[in-house]
Amino acid sequence: MIPSTVKDEIKATICVLALVFSFGAGWAVEGWRKDAEIADLKTITATDKSLAANQALARIVIANKRAAQAELQLAAWQTTLTAFAQEKNDELARLVSGRRCLDSAVIRVLNRPGPKFDRALPDAPGLVLRPDGGAAAGSDDGAYSTDADVAGWIELCQRSYNTCRSRLQAIADFYAGEPQ
């Protein structure tokens, strides 16, 4: 027969082993469960990243299509503006006489440089001075510009304005079609 103290020790040892086994089994099962959750989270994250990348790519493709359309529209406007400017230049060449229009003092005032800005801006082109065969009375150098020169400057200003306006409109049209 086994003494009762040994039986109690064996029971206690079996209980401790059962508790250790239960704890170990619980620990293993919890680890497997957490590993499965981590794998699920990794899958969800990868799917979300893939979806976000696909959505970003779709937005880029749409933006590129809109940009191509804006470029085509801008090119059409530029062609129209160029044709219009050529028509005006041809008609102006027919209508102006080359008469003396602006004396050198006026041209110097118009050619005076503008104010300086924080950023460098391109200088405006200077106006044309034509030398005269002899200095006119009251003129210091006899230089002048003709009505053809003035008409050309006005046409250049109008063409530059219309080009700028068409580019700004193309930018506005591009961003107007952008999804919010």
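Visitor: Where does T146 lie in this predicted model?

Guide: T146 lies in strand β2, which covers residues 144-146.

Visitor: What makes T146 count as buried or exposed?

Guide: The relative accessibility of T146 is 4%. Buried means under 20%, so T146 counts as buried.

Visitor: How far apart are T146 and R99, in sequence and in space?

Guide: T146 and R99 are 47 residues apart in sequence, and their C-alpha atoms are 5.2 Å apart in space.

Visitor: Which elements does the chain have?

Guide: The chain has 3 helices and 2 strands. Read from the N terminus, the order is α-β-α-β-α.

Visitor: Which element has the highest mean pLDDT, and which the lowest?

Guide: Among the elements, helix α1 (residues 4-95) has the highest mean, 89. Helix α2 (residues 104-111) has the lowest, 78. The average for the chain is 82, and 82% of the residues score at least 70.

Visitor: Where does pLDDT stay under 50?

Guide: That is the case over residues 134-139. The model has 6 contacts for this stretch beyond four places in sequence.

Visitor: Why is E155 called buried?

Guide: E155 has a relative accessible area of 4%. The cut-off for buried is under 20%, so E155 is buried. E155 is found in helix α3, residues 147-176.

Visitor: Which residues does E155 touch, leaving out those up to four places away in sequence?

Guide: E155 touches A85, K88, N89 and L92.

Visitor: How many aromatic pairs does the structure hold?

Guide: The structure holds 2 aromatic pairs.

Visitor: Why is the pair of F23 and W27 called tilted?

Guide: The ring centres of F23 and W27 are 5.9 Å apart, and rings pair if their centres lie within 6.5 Å. Their planes stand at 50°. Planes under 30 degrees apart count as stacked and over 60 as edge-to-face, so the pair of F23 and W27 is tilted.

Visitor: Where do F23 and W27 lie?

Guide: Both lie in helix α1, 4 residues apart, which is about one turn of the helix.

Visitor: How do you know whether F23 and W27 are buried or exposed?

Guide: F23 has a relative accessible area of 59%, and W27 has 62% relative accessibility. Exposed means over 50%, so F23 is exposed and W27 is exposed.

Visitor: What makes the pair of F174 and Y175 edge-to-face?

Guide: The planes of F174 and Y175 are at 90°, and edge-to-face requires over 60 degrees. Centre to centre, the rings of F174 and Y175 are 5.1 Å apart.

Visitor: Why is F174 called buried?

Guide: The relative accessible area of F174 is 18%. Buried means under 20%, so F174 is buried.

Visitor: What lies over the face of F174?

Guide: R66 lies over the face of F174, at 4.3 Å from the ring centre.

Visitor: Why is A75 called partly exposed?

Guide: A75, in helix α1, has a relative accessible area of 40%.

Visitor: What makes Q73 partly exposed?

Guide: Q73 has 35% relative accessibility, which lies between 20% and 50%, so Q73 counts as partly exposed. Q73 lies in helix α1. The C-alpha atoms of Q73 and Q169, 96 residues apart along the chain, are 10.0 Å apart.

Visitor: Why is L95 called exposed?

Guide: L95, found in helix α1, has 55% relative accessibility. The cut-off for exposed is over 50%, so L95 counts as exposed.

Visitor: How many disulfides are counted?

Guide: The count comes to 0 disulfides. A disulfide is a covalent bond between the sulfur atoms of two cysteines. C15 is partly exposed, with a relative accessible area of 47%, and C101 is partly exposed at 41%.

Visitor: What part of the chain is buried?

Guide: Buried residues make up 14% of the 180 residues. The chain exposes about 14,200 Å², of which carbon and sulfur atoms supply 64%.

Terms used:
Residues numbered from 1 in each chain as written. Predicted model: local features only at pLDDT ≥ 70, side-chain atom pairs only at ≥ 80, totals over all residues. Heavy atoms only, no water. pLDDT = per-residue confidence, 0-100. Contact = heavy atoms within 4.5 Å. Phe/Tyr/Trp six-rings, centres within 6.5 Å; stacked < 30°, edge-to-face > 60°. Buried < 20%, exposed > 50% of the residue type's maximum accessible area, 1.4 Å probe, protein only. Lys NZ or Arg CZ within 6 Å of the ring centre and 35° of its normal. Areas by Shrake-Rupley, 256 points an atom, 1.4 Å probe, with all protein chains shown as cover. Disulfide = S-S within 2.5 Å.
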